[in-house]
Amino acid sequence: MGQVVALDSLLHARQVWRGRAAPLLDSSQPTGWPALDAALPSGGWPEHAMTEILLPVDGVGELQLVLPTLARLTRESRSVMLIAPPYLPYVPGWEARGVVMARVDIVQAGERDVLWAAEQCLRSGSCAAVLAWPVHADDRALRRLQVAADTGKALAFVFRDQRHAVQASPAALRLELESEPSLQVRIRKCRGGQPPTGLLPLAAGWS
Amino acid sequence: MLWACVLLPQLALDGVLRRQPPTDAPLVLVSGPAQARVVHAANRSARAAGLYRGQRLAAAQALLSQFAMVEYDPEDEARWHRLLAAWAYRYSGEVGLLAHAVVLEVSRSLNLFGPWPRFESLLRDDLKELGFRHRIALAPTPHAAHVLTGVHDGMAVMTPDTLRRALSPIPMARARLPGEVAQALSSMGIRTLGQLFALPRAGLQRRFGSDLVAQLDRLSGDEPSPMENYRPPDTFEQRMEWTHEIEHVEALVFPLRRLTGDLSAYLAGRDGGVQRFELELEHRSGAPTRVTVGMLSAGRDAALLFECARGRMERLELSQPVVAMRLVARDLPPFVPAGRDLFDTRPTHAVPLEQLRERLRARLGEASIQHLRRTVDPRPEFAQTTIAGVGATPMASLPRPTWLLEHPRPLRGPPPTVLAGPERIETGWWDGGDLRRDYYVVRTAQGQCAWVFCAPGEQGAWMLHGWFA
């Protein structure tokens, strides 16, 4: 051990790993919300990864968050899967926001099959985005989805209740919605950067 | 004309072997009357033990103590023969059946499938996939190709000039001449086809009849070969039977893969697809269990058919052991392959969307995948449908929510703040589903935007019908 080795030579031989994350490429999947894009390290949804959206109650504007993205994808003739949505998607409302409903598949799955169906869709590589509403999802199940999203190069959106916010999650991006006093988004975790503190107001309206 | 001959030296044995996953256990087919059973065919490990075709069964049992015995069934063999003809029909419009062989005219197919070496490897890959041992040769006449396969696997003779030279060294016993003729010729000192061709025709005709001369002419191409063209049947039916009983669904997976693979090969030959087929699981007694496999659109990909069938099969509870399985496809609609973009950005291993939908339906149920489309009905309950074929132009841009509750329910909690409204929806006189409602957009105490309605002229007793999520 008495030998002195110059640090440079070690680094040069690529035997030492330096704890520096790989540079993050700019995302090609803008969220459609300029304020949110600006706050995210990659400037959009994390590509080929899972985004977890935590809600206090249903109907606070969770779809507003993703509808611009779905509208863009479906207009490019790419497929979107909705797995076990809690309500019926209302076509006039979706179409008014620019979504081509012919590209949207609604999959009715039982509680136990939601994660399986979501994983199949993500892994298939033929869906651009998969939205899932799992009732019971543990850390392992979510990790599977994250891996499947990476394999199938798809965007995964998982909608869960806010009480899961305290659990650790393998999602690349975790957003928490707050409805009081108006719709706001808190970034709980984002890959490739420190999550910005504070709330981002989203000018989501009902029309 | 160029004819490819696919000789199937072990058709009956392969037909039996392909019912179960490949094993090394010795297996023989037996035939003959009960007093004089003989070995009809033996698989590799049985042959290694010294068993051979034509051996007395008693002698075989003396050589090898344990082997599986299956009764040779000529009908079964003929069925496999026809299946392979249906498969060959994919590669040529002129397909004929010869003894233990399928011949196909390929001179025009070469334009489509590439030069002969590539075409030949296509054929071999397919046969290997289907699980049939084979020998292939190419010659200007079907009978010459048939003779050449028996002598030299992979031989290709392209022109009539070289054909005579290729046939010349073939010994009498391999020339596929009638048995007694071959015997008589050998005892006369004629050992090869070349010597036979050199003999004067008139003498041959006098001695052996015109059949032999005609056969020689067909062999060399001097006379056209009458060949009954094979036409694939309009329905597909294939059956597999086992000597033992199968009690678990898992053990049916391998035969199922075979049957769906056969169906796919048959469909490719017919250039058709299948949308619905039936699996019948036969039991020792009682009615067979029927499993109907339906798909969203006509398909013929072997993996897709297998996966759909397996999804249905895995949910099955077997009440009795299975002794045979039959696959029947009667309705064979035309197949339109899904177009794929040349500049498709999806990963190469991607599962096609159709296949994904079938996979989901197989596990989650037939009606688990829906597409919603808008209708012209102004009533929210009927403004969308899952039935295809209705198109409607978008309505005026009135506020419409993104979630709809299937059944409206009372809005609970403190009184909400009204954001917009009312919008009167009063219609439905034509089908008795009249409604008269004032719709409002409200904001609940929890910050949700809701689409609610109440009786006309009132503001209260809110019924929740949707969320502006």
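**Group meeting: the A/B contact and two pieces of chain B**

In this model, 38 residues of chain A are in contact with 43 residues of chain B. Please keep in mind that the model is predicted.

I'll take the chain A side of that contact first. The elements that each give two or more residues to it are α3 (62-75), β3 (88-89), α4 (91-96), β4 (104-107) and α5 (114-124), all of chain A. The largest share comes from α4(A), with six residues. By class, the residues on this side of chain A divide into 20 nonpolar, 11 polar and seven charged.

One element from that list deserves a second look. β3(A) is joined by two bridges to strand β15 of chain B, residues 403-410. The two strands run antiparallel. At the residue level, A:P89 has B:W403 as its bridge partner in β15(B).

What is the order of its strands? It reads β3-β2-β4, in an open sheet of three strands with mixed pairing. β3 (38-42) and β4 (68-71) of chain B each have a single partner strand, so they stand at the edges and one side of each is left without a neighbour in the sheet. On average, neighbouring strands of this sheet are turned by 40° against each other, direction ignored.

Within that sheet, β2(B), residues 27-31, is linked to β4(B) by four bridges, and this pair runs parallel. B:L29 is one of the residues involved, and its bridge partner in β4(B) is B:V70.

Last, a helix pair, also in chain B. These are α14, residues 302-314, and α15, residues 353-364. Their axes come within 8 Å and cross at roughly 15°. Angles under 35 degrees count as roughly parallel, and α14(B) and α15(B) are therefore roughly parallel to each other. The crossing of α14(B) past α15(B) is right-handed.

Which residues make the contact? From α14(B) they are B:L304, B:E307, B:C308, B:G311 and B:R312. From α15(B) they are B:Q355, B:E358, B:R359, B:A362 and B:R363. Sorted by class, this contact of α14(B) with α15(B) has three nonpolar, two polar and five charged residues.

To recap the strand pairings: β3(A) with β15(B) is antiparallel, whereas β2(B) with β4(B) is parallel. That is everything I have for today.

Key:
Residues are numbered from 1 along each chain as its sequence is written. Chains are lettered from A and ligands numbered from 1 in the order in which they are written. This is a predicted model: local features need pLDDT of at least 70, side-chain atom pairs count only at pLDDT 80 or more; totals for chains, interfaces and linings use all residues. Axes are lines fitted to C-alpha atoms, for helices over the stretch in contact, and angles run from 0 to 180 degrees between N-to-C directions. Angles under 35 degrees count as roughly parallel, over 145 as roughly antiparallel, 65 to 115 as roughly perpendicular and the rest as oblique. A crossing is left-handed if the near helix is turned anticlockwise from the far one by less than a right angle, and right-handed if clockwise. Two residues are in contact if their C-beta atoms, placed from the backbone, lie within 7 Å. Ala, Val, Leu, Ile, Met, Phe, Trp, Tyr, Cys and Pro count as nonpolar, Asp, Glu, Lys and Arg as charged, and the others, Gly among them, as polar. Two strands pair if DSSP finds at least two bridges between them.
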